[in-house]
Amino acid sequence: MSNKHTIIVVEDENSILNILEMVFKSSGYQVYTAKNGKEALMMISSYCPDLILLDLGLPDMDGLKIIQSVRSWSSIPIIVVSARNHEKDKVTALDLGADDYLTKPFGTAELLARVRTALRHASGDNDKNKAYEGTFKVGALTIDYDKRQVFKNGENVHLTQNEYKIVALLSKYSGKVLTYDFMMKQIWGPNIGSDNRILRVNMANIRRKIETQPADPAYIFTEIGVGYRMAEEKG
Ligand code: CA
């Protein structure tokens with residue numbers, strides 16, 4: 001089970017799209033591509049990627065609209081790419097919640113560096129000190145955010161991609177109750193609906209893997225009717 005970061009590239013020019021796809025794939029990212037705004041919004045909400053690389057000049061809508069729409073439900077990092085070298089677009093994109101801005105033409109090394117930075121800062125928006133980097137330790141449990149893996153007593157517990165995302169999300173807010181609704185939207189996107197069965201099924205599997213006694217958990221607690229809470233990190 002590889003836990004690659006997922007990137008959605010939104011770009012209407014085929015030649016650029018192909019290059020970007022190749023660059024990201026060869027750097028170990030999982031890549032999806034969209035060639036217009038409508039397709040982009042659909043893919044973003046269904047794949048819930050780790051990062052969005054967004055061309056502002058799209059055939060069917062202004063890329064700024066996509067930023068606005070995504071920011072209404074998620075803090076997924078967005079790096080805006082545009083041929084337009086206008087300060088106004090840059091500021092508007094950042095004001096709407098884009099994380100960074102690249103102006104065409106740009107080099108591969110610069111692009112990858114910006115992506116790594118955005119991923120590193122991702123989800124640290126709510127608490128700058130708790131970005132997904134380094135490790136999180138509680139009891140016998142260690143979360144390695146760089147490897148995107150969870151270890152118990154030093155042994156990899158082999159979580160699926162979504163199981164990992166759930167544990168990482170809870171760990172970021174450890175000690176705090178996260179509602180079912182918040183977690184569902186963060187993991188599966190805004191169209192997931194309110195039936196939290198999928199979350200409960202994943203949680204049952206996570207507990208089977210990380211808890212010594214799944215019925216009497218030591219790491220992830222159920223707040224009945226509300227959500228889940230992770231035990232706080234200790235030294
Ligand atoms: Ca374009």
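The legends below describe close-up views of a predicted model.

Residues are numbered from 1 along each chain as its sequence is written, and side-chain values use heavy atoms, with hydrogens and water left out. Because the model is predicted, local features need pLDDT of at least 70 and side-chain atom pairs count only at pLDDT 80 or more, while totals for chains, interfaces and linings use all residues.

**View 1. Confidence along the protein.** The average pLDDT, the predictor's confidence in each residue from 0 to 100, is 89 for the protein. A score of at least 70 is reached by 93% of the residues. Strand S1 (residues 6–10) has the highest confidence, at 98, and helix H4 (residues 87–95) the lowest, at a mean of 80. Helices (H or I, at least four residues) and strands (E, at least two) are DSSP runs, numbered from the N terminus. Over residues 125–129 the pLDDT is below 50. Beyond near neighbours in sequence, this stretch has 2 contacts in the model, a contact being heavy atoms within 4.5 Å. Where pLDDT is low, the predicted coordinates should not be read in detail.

View 2. Strand S7 (residues 141–144) pairs with strand S8 (residues 149–152) in the antiparallel sense, over 4 bridges; two strands pair if DSSP finds at least two bridges between them. Ile 143 has Val 150 in S8 as its bridge partner. The hairpin has 4 residues between its strands, and Arg 148 in the turn has a positive phi of about 55°.

**View 3. The hairpin of S8 and S9.** S8 also pairs in the antiparallel sense with strand S9 (residues 155–156), over 2 bridges. Opposite Lys 152 stands Glu 155 in S9. Between these strands lie 2 residues, and Asn 153 in the turn has a positive phi of about 50°.

**View 4. Aromatic pairs.** Rings of Phe, Tyr and Trp (its six-membered ring) pair if their centres lie within 6.5 Å; planes under 30 degrees apart count as stacked, over 60 as edge-to-face and the rest as tilted. The count comes to 4 aromatic pairs. One of them, Tyr 32 with Tyr 47, is stacked, at 3.9 Å centre to centre and 20° between the planes. Tyr 32 lies in strand S2 (residues 30–34) and Tyr 47 in helix H2 (residues 37–47), so the pair ties together parts that are 15 residues apart in sequence. The ring centres of Tyr 173 and Phe 182 are 5.7 Å apart and their planes are at 85°, so this pair is edge-to-face.
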